[in-house]
Every structure is written in C-alpha cells, then in structure tokens.
Amino acid sequence: DLRIADTVPLQISRHHMEFVKVGDQIGVSDRGSHLGSIVDNRLLGGNEGDPGPIFFEGSEGTLILGNHNSPFKYKIRIL
C-alpha cells in the first residue's frame with residue numbers, strides 16, 4: 001500500500017494507478033483515472049493517454065500523478 005495525501009482540488013484517487021511487474025520490467029497501469037499520469041514523459045491514462053502498462057526504461061524513471069503541473073512528482077528507482 002502507498003498512501004499519498006491530496007487536498008482540494010483533488011488530483012489523484014485511491015485507485016489512480018498501479019505498479020506492475022512483468023518479468024524483470026516494472027511499469028505502471030492506469031486504473032481509470034480522470035487526469036492520468038506521466039511515466040518518463042509518456043502519457044498514461046486519462047482522456048488521451050495509453051492505459052498501460054508503460055514500463056520504466058533502465059533503473060530510474062519519473063512518475064507524475066496527474067498533469068505536468070501536479071505536485072505529485074516522484075523519482076522511481078528500480079532495484
């Protein structure tokens with residue numbers, strides 16, 4: 001479980017996205033979010049993005065929940 005505090009106007013939901021593992025790859029799938037996410041500058045979910053999964057390339061990536069203006073920006077390190 002991952003708990004992220006959000007305030008009004010809400011940008012993420014409790015079912016916004018999920019991490020997935022396929023073989024040795026780690027990626028993200030959208031779970032029907034309205035705003036979607038951005039995975040390594042690729043749109044995931046929302047009205048215009050790929051539903052996923054979108055896999056991180058290499059051992060580090062970026063994940064933004066919502067749009068480019070979102071405060072929910074994360075560096076993902078894959079170990």
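Which residue in β2 is the bridge partner of V22? In this predicted model, the partner is Q25.

**Sheet**

The V22 and Q25 pair belongs to a set of six bridges that join β1 to β2, a strand covering residues 25-30. The two strands run antiparallel. They are part of an open sheet of three strands, ordered β1-β2-β5, in which the pairing is antiparallel. The edge strands are β1, residues 17-22, and β5, residues 54-55, and each of them pairs on one side only. In general, strands of a sheet pair through backbone hydrogen bonds, in either a parallel or an antiparallel arrangement.

**D30**

Strand β2 also contains D30. This residue is buried but has no salt bridge. A salt bridge would need a side-chain nitrogen of Lys or Arg within 4 Å of a carboxyl oxygen of Asp or Glu, and the nearest side chain of opposite charge, that of R31, is 8.4 Å from D30.

What does the side chain of D30 meet in a polar contact of 2.4 Å? The other member of this contact is the side chain of S33. Leaving aside residues up to four places away in sequence, D30 touches H16, M17, G36, L44, G45, G46 and P51.

**Backbone geometry**

As a general rule, most residues other than glycine have a negative phi, and most peptide bonds are trans. The table gives the departures from this pattern that are described here.

| Site | Angle | Location |
|---|---|---|
| D40 | phi about 50 degrees | loop between β3 and β4 |
| G52 and P53 | omega about 10 degrees | P53: loop between β4 and β5 |

D40 is not a glycine, yet its phi is positive. The loop that holds D40 runs between β3, residues 37-39, and β4. Is D40 buried, partly exposed or exposed? Its relative accessibility is 21%, so D40 counts as partly exposed; the limit for buried is under 20%.

The peptide bond that joins G52 and P53 is cis. P53 lies in the loop between β4, residues 42-44, and β5, and β5 is one of the edge strands of the sheet.

Conventions. Residues are numbered from 1 along each chain as its sequence is written. This is a predicted model: local features need pLDDT of at least 70, side-chain atom pairs count only at pLDDT 80 or more; totals for chains, interfaces and linings use all residues. Side-chain values use heavy atoms; hydrogens and water are left out. Two strands pair if DSSP finds at least two bridges between them. Helices (H or I, at least four residues) and strands (E, at least two) are DSSP runs, numbered from the N terminus. Buried means under 20% relative accessible area, exposed over 50%, partly exposed in between (1.4 Å probe, protein chains only). Lys and Arg count as positive and Asp and Glu as negative; His and the chain ends are not counted. A polar contact is a pair of N or O atoms within 3.5 Å; within protein, one must be able to donate a hydrogen and the other to accept it, and residues adjacent in sequence count only if both atoms are side-chain atoms. Contact means heavy atoms within 4.5 Å.
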